[in-house]
Amino acid sequence: MGDPVTEYTARLQHQEREIQSLSAEIESLKKSQSFEPSQRLEDLREENARLKYRLNVMKRSLQEETPHCGKSMLNINQRLQDVFGEAIRASFPDLDNPPLAVTPNQQAKFGDYQCNSAMGMAQMLKTKGAKLNPREIAEKIVQNLPDNELIQRTEIAGPGFINIHLKKTFVSKLLTSLLLNGVQPPPLATRKRVIVDFSSPNIAKEMHVGHLRSTIIGDSMCRLFEFLGYDVLRLNHVGDWGTQFGMLIAHLQDKFPDYLTVSPPIGDLQIFYKESKKRFDEDEEFKKRAHQCVVRLQSKEPDFIKAWKMICDVSRREFQKVYDCLDIQIVERGESFYQNRMTQVVKEFEDKGLVELDEGRKIVFVPGQSIPLTIVKSDGGYTYDTSDLAALRQRLFEEKADIVIYVVDSGQGMHFQVIFSAGQMIGWYDPQVTRVEHAGFGVVLGEDKKKFKTRSGDTVRLMDLLEEGLKRSMDKLKEKERDKVLTPEELVKAQRAVAFGCIKYADLSHNRINDYVFSFDKMLDDRGNTAAYLLYAFTRIRSIARLANLDEATLRKAAETTEILLDHDKEWKLGKCILRFPEILQKILDDLLLHTLCDYLYELATTFTEFYDSCYCVEKDRQTGEVNKINMWRMLLCEATASIMAKCFDILGLSPVQRM
């Protein structure tokens with residue numbers, strides 16, 4: 001069975017063509033003689049009118065069903081764009097790609113949303129020689145608005161802004177759907193394959209604050225894509241290959257000669273690395289031996305592969321401590337994985353005549369880029385350029401990725417620009433079809449606004465930072481005397497939630513493109529846009545139902561039977577804010593800027609506070625403290641707010657607790 005609307009539309013179009021044909025025939029006959037219109041034409045016109053009526057009825061009923069079809073949350077902004085897009089096309093069918101601008105209104109007195117297309121359209125029409133002012137255009141758009149389920153009324157303001165007022169019943173139904181179905185992602189047209197390359201520390205070196213930003217931002221991006229239903233591969237492109245392993249293996253052989261039979265007790269790999277580097281710089285004999293070790297490692301000699309694996313394992317254990325603290329899931333795929341694929345990449349560039357020789361090096365010039373890629377060094381070795389090209393090719397062809405995102409500091413921006421341009425030049429991907437993007441980020445600064453370092457000038461070890469966070473978090477909880485009301489187990493849960501939540505949120509709440517100042521004092525402040533404030537606000541909202549003795553089953557039953565009233569302006573403001581969630585996710589999907597979600601989460605929490613201060617949810621007897629009345633529709637608004645906040649926390653990688 002086909003779609004009935006499509007079938008009726010097709011029949012209608014066929015009949016209208018027939019009517020046009022018969023009308024033209026009649027016009028020509030009229031010129032030659034007087035005559036009565038044929039019965040066939042009258043019959044067709046009658047059936048045509050009936051079909052039009054049926055089609056409009058079906059379209060209307062479909063639109064009324066739109067918010068309830070499936071369990072997905074509706075993107076109201078997108079739905080308004082569909083409605084206004086249709087009106088604009090009907091009003092100005094000859095205008096190619098007219099601007100479609102619908103945004104939430106900042107001031108309630110101007111309505112809920114605003115369409116600002118008329119101003120841009122006036123400019124376009126002017127270039128075509130049509131003189132219409134924006135207000136006239138706006139009037140025409142409003143006249144052509146199709147029947148829809150969400151707009152109560154519109155009004156034209158100023159030079160041509162169209163203010164949109166939503167139907168309260170429509171918003172109420174969407175909130176009920178959210179409570180009954182849970183926070184569900186908007187429908188996904190196609191389930192794309194997404195690869196996010198993030199964290200990427202170097203073997204034998206400590207993870208530092210730079211890796212912290214990549215790890216936190218990359219994890220949150222993955223969580224967003226996963227929630228929206230994409231097929232996500234989280235990749236850790238660790239630096240696990242290269243000349244430094246020669247000196248590490250040579251040092252391992254000297255320090256632990258029986259390493260092949262007894263696992264070497266390397267306690268601190270950072271000290272081990274510094275020792276080997278010192279010898280490499282000062283001892284010519286050791287340096288020669290280190291070079292020989294590199295050659296033997298690259299030749300895959302078993303003893304050298306074993307030594308390499310041991311060093312990698314020590315590093316992995318250290319990295320995992322950080323990932324466990326921050327609840328990070330990631331698949332390691334280091335530079336060593338691409339070794340064999342690099343030869344293939346070099347050959348492909350050579351076969352296509354894209355390689356030039358420059359003092360023994362093999363280089364590739366990319367159109368529009370001033371710096372060439374070095375794909376083979378003069379000594380025959382490969383470079384970062386080669387391994388990054390091999391990684392890009394593997395992700396596109398073997399993993400069949402539709403979206404590849406590199407979460408690497410902004411200092412690598414030029415490098416990735418050249419790599420991506422080379423991938424397009426050789427025909428690996430079309431940027432119109434496949435999204436390959438560098439999501440860069442700024443550096444972490446200390447409170448002195450200089451690069452974040454220890455007092456001795458060393459890079460701050462990530463584990464030291466996380467442990468410091470735990471200590472400060474516990475101090476803060478004890479200062480608030482939470483240790484007197486929470487069980488020891490609840491206290492530790494709250495400590496970890498606040499410590500790691502604050503570190504993550506401080507990073508994510510800043511625009512990633514900018515540098516940001518790392519300050520424990522600001523992070524742990526429970527006022528303003530911080531994780532400490534939001535986690536506390538969440539536990540407070542969750543406690544409202546507990547204090548009213550409402551369990552989950554009672555709230556569920558209420559959601560099925562109670563209409564959510566939105567008569568008070570604070571109820572209306574909160575209801576609309578809750579339902580903006582899908583719009584926010586769509587924006588982040590487009591620009592990969594996660595601070596937008598933090599801003600929204602803070603706005604939701606403060607809008608809830610306004611609502612809670614103005615609207616009684618639970619009314620108690622002032623003398624006895626007994627509950628007199630529960631305003632159930634308001635309890636449902638509390639529940640809907642908490643559901644959206646919980647999902648925001650989940651995407652940001654924060655773990656809220658029931659008691660704090």
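# A tour of the predicted model

The protein averages a pLDDT of 90, and 91% of the residues score at least 70. pLDDT is the predictor's confidence in each residue, from 0 to 100. This is a predicted model: local features need pLDDT of at least 70, side-chain atom pairs count only at pLDDT 80 or more, and totals for chains, interfaces and linings use all residues. Residues are numbered from 1 along each chain as its sequence is written, and side-chain values use heavy atoms, with hydrogens and water left out.

Stop 1: Select residues 64-69. Here pLDDT stays under 50, and the model has 9 contacts beyond four places in sequence. A contact means heavy atoms within 4.5 Å. Where pLDDT is low, the predicted coordinates should not be read in detail.

**Stop 2: the domains.** Colour domain 1 (76-166), domain 2 (243-332), domain 3 (338-441) and domain 4 (503-652). Such bounds come from an automatic or database domain assignment. The centres of domain 2 and domain 3, taken over C-alpha atoms, are 28 Å apart.

Stop 3: Find the open sheet of 5 strands, in the order 7-6-5-11-12, with parallel pairing. Its edge strands are strand 7 (331-332) and strand 12 (435-438), and each pairs on one side only. Strands (E, at least two residues) and helices (H or I, at least four) are DSSP runs, numbered from the N terminus. Two strands pair if DSSP finds at least two bridges between them.

Now select strand 5 (residues 193-197) and strand 6 (residues 231-236). They run parallel, joined by 5 bridges. V194 stands opposite V232 in strand 6.

Axes are lines fitted to C-alpha atoms, for helices over the stretch in contact, and angles run from 0 to 180 degrees between N-to-C directions. Next, show helix 13 (residues 384-397). It lies across strand 5, strand 6, strand 11 and strand 12, at about 150° to strand 11.

**Stop 4: two helix pairs.** Select helix 19 (residues 552-561) and helix 23 (residues 632-652). They pack at about 110°, with axes 10 Å apart. That makes helix 19 roughly perpendicular to helix 23 (65 to 115 degrees). L555, A558 and A559 in helix 19 meet M632, M635, L636 and E639 in helix 23.

Finish at helix 11 (residues 302-326) and helix 16 (residues 488-508). Their angle is about 105°, and their axes are 10 Å apart. Helix 11 and helix 16 are therefore roughly perpendicular to each other. D324, C325 and L326 in helix 11 meet R496, F500 and K504 in helix 16.

Conventions: Angles under 35 degrees count as roughly parallel, over 145 as roughly antiparallel, 65 to 115 as roughly perpendicular and the rest as oblique.
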